[in-house]
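Visitor: Can you walk me through this one? Start with the sheets, please.

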Amino acid sequence: MNLTELLHDLQITRRDGTSTDGVDVTGIAADSRRVTDGMLFVAVKGTTVDGHNYIASAIERGASAIVCERIPEAIDEAVKARVPFIVVPDAAAALGQLLDAWHGHPSRRLTLVGVTGTNGKTTVATLLYDLFRRLGYHVGLISTVCNRIDEETLPTDHTTPDPVTLHALIARMAEAGCSHVFMEVSSHAVDQQRIAGLHYAGGVFTNLTRDHLDYHKTVENYLRAKKRFFDALPTEAFALTNADDKSGAVMLQNTAARKLTYSLRTVADFKGKIVEAHFEGTELLIDGRDVTVAFVGRFNAYNLLAVYGTAVALGEDAERVLVALSSLRPVAGRFETITSPEGFTAIVDYAHTPDALANVLTSIHEVLRGTGRVITVVGAGGNRDTGKRPLMAREADRQSDQLILTSDNPRFEDPDAIIREMEAGLDTAAQVRVLCITDRLSAIKTACRLARRGDVVLVAGKGHEDYQEVRGVKHPFDDREVLRTLFSTSKA
């Protein structure tokens with residue numbers, strides 16, 4: 001592609017080096033190690049690495065042009081005589097715009113909807129994917145659990161991929177004939193401009209509670225990152241937010257998009273009510289219409305309202321949407337129930353924040369209504385927000401008859417030290433009754449041995465994950481498979 005054509009819509013503050021005329025670009029890279037002959041290198045200043053320090057390396061590898069925020073003093077005139085330098089105000093934003101142009105603006109050729117919030121992103125995005133597939137569309141999904149192009153499943157390592165991968169993925173979805181793509185949008189992705197250059201038809205906000213403070217430092221910074229996603233939505237898009245979350249109105253303050261809300265408690269564009277709940281599902285009233293769904297809990301009622309509201313906002317018939325909702329099934333590792341032969345219920349959930357844990361436990365009690373005990377197995381991830389650890393333990397103890405603290409993904413931390421930090425959130429009486437079992441398998445086995453008919457064992461924190469990360473190594477471990485194996489053995 002011709003470089004001049006590629007730069008057409010870019011805001012440029014300065015040009016240096018040789019002319020861009022006649023320069024052809026063979027690809028775009030933001031990692032100098034991936035540069036090959038003829039590629040355009042974009043020097044992005046990241047959280048740990050500054051791409052400007054690798055401009056010389058990119059040129060040595062054959063970069064035909066450089067986009068940057070500043071030209072390093074070490075670059076001599078001889079290099080400038082053969083390579084054009086394009087200086088921009090924000091290289092991360094420019095990277096997204098360049099990738100969008102390189103792939104022919106794929107997000108404008110389909111309907112792209114972003115889902116953001118602390119909890120519920122995966123469920124809402126995945127259920128939208130499932131719903132629109134049932135409605136007859138070709139659909140793409142970009143989520144924590146996996147990426148999908150219709151029936152094809154692709155692995156994923158991050159909630160939102162890096163810009164080069166993300167734009168290529170959306171281009172692939174457009175080429176495959178997808179009419180809709182639903183994606184999780186993390187606060188990191190917004191802050192690092194990983195989603196720059198994408199054209200969204202809509203944005204969905206689920207809720208906001210404490211999370212990722214190891215990165216954002218304060219809840220205010222975390223909120224502002226989420227809000228920037230809505231601030232950037234175009235006028236032709238919609239912004240759908242949870243009216244029952246105090247941050248929902250904040251997300252709508254400065255957006256130019258069409259403002260929509262959903263609620264279980266107040267007047268909203270999309271109104272829901274829980275009529276009856278049990279572990280097999282829930283009866284809901286949505287906009288005055290009855291619908292029975294295979295989901296449990298108030299938090300899932302909010303998720304389904306968000307899905308319903310999004311579909312209607314995109315022009316789908318409300319009755320058709322409700323019929324499709326009734327046939328949807330829960331996302332893997334999100335309030336996933338497994339019944340034991342002894343008559344108690346095990347629930348595996350990804351809840352890894354205090355609020356998510358509170359939501360799951362509240363939902364369990366809403367179904368149990370005091371007829372059984374709750375035994376909770378939970379840990380906290382290593383090398384992440386340490387401040388939420390005591391809060392998680394406190395919330396779990398408050399709503400559990402027996403709490404077992406265990407290891408999650410300790411990563412490069414001492415798992416026993418993480419458990420001690422969680423335990424510090426408990427009062428003296430709670431510390432006496434809590435069980436601390438570092439080995440997660442042993443903790444789950446212990447919970448199941450303690451459970452009686454009618455009880456619930458909640459195994460929280462890892463959900464769909466099929467590994468446990470210790471010292472940089474991912475060891476095979478799946479809470480669901482552990483429980484199924486235990487129950488299969490007990491049957492025998």
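Visitor: What is the strand order in the open sheet with five strands?
Guide: The order is β1-β5-β4-β3-β2, and the pairing is mixed. This is a predicted model: local features need pLDDT of at least 70, side-chain atom pairs count only at pLDDT 80 or more, and totals for chains, interfaces and linings use all residues. Residues are numbered from 1 along each chain as its sequence is written, and side-chain values use heavy atoms, with hydrogens and water left out.

Visitor: Which strands stand at the edges?
Guide: β1 (14-17) and β2 (27-29) do. Each has a single partner strand, so one side of each is left without a neighbour in the sheet. The twist averages 20° from one strand to the next.

Visitor: How do you define strands and pairing here?
Guide: Helices (H or I, at least four residues) and strands (E, at least two) are DSSP runs, numbered from the N terminus. Two strands pair if DSSP finds at least two bridges between them.

Visitor: How many bridges join β2 to β3?
Guide: Three, and the two strands run parallel. β3 covers residues 39-42. Gly27 has Met39 as its bridge partner in β3.

Visitor: Which helix packs on that sheet?
Guide: Helix α4 (residues 91-102), touching β2, β3 and β4 (65-68). Its direction makes about 155° with that of β2. Axes are lines fitted to C-alpha atoms, for helices over the stretch in contact, and angles run from 0 to 180 degrees between N-to-C directions. Contact means heavy atoms within 4.5 Å.

Visitor: New topic: α13. What span should its 15 residues have?
Guide: Helix α13 (residues 354-368) should span 21 Å at 1.5 Å a residue, and its end C-alpha atoms are 21 Å apart, which agrees. The expected span is 1.5 Å times one less than the number of residues.

Visitor: Which residues of α13 are buried?
Guide: Among them are Leu357, Val360, Leu361, Ile364 and Leu368. Buried means under 20% relative accessible area, exposed over 50%, partly exposed in between (1.4 Å probe, protein chains only). The buried residues of α13 pack against several elements, including β14 (270-278), α11 (298-313) and α14 (388-398).

Visitor: And what follows α13?
Guide: Arg369, with a positive phi near 50°.

Visitor: You mentioned β14. What does β14 pair with, over six bridges?
Guide: Strand β15 (residues 281-286), in the antiparallel sense. They form a hairpin with two residues between them. β15 is also joined to β16 (residues 289-293) by five bridges, again antiparallel. That hairpin has two residues between its strands too, and Asp287 in the turn has a positive phi of about 50°.

Visitor: Now aromatics. How many aromatic pairs are there?
Guide: Eight. Rings of Phe, Tyr and Trp (its six-membered ring) pair if their centres lie within 6.5 Å; planes under 30 degrees apart count as stacked, over 60 as edge-to-face and the rest as tilted. Tyr200 and Phe229 are edge-to-face, 5.0 Å centre to centre, with 90° between the planes. Tyr200 is in the loop between α7 (187-191) and β11 (202-205), Phe229 in helix α9 (residues 219-231), 29 residues apart.

Visitor: Are Tyr200 and Phe229 buried or exposed?
Guide: Both are buried. Phe229 also pairs edge-to-face with Phe230, at 5.2 Å and 70°. Phe230 is buried, with a relative accessible area of 0%. Ring pairs link Tyr200, Phe205, Phe229 and Phe230 into a cluster.
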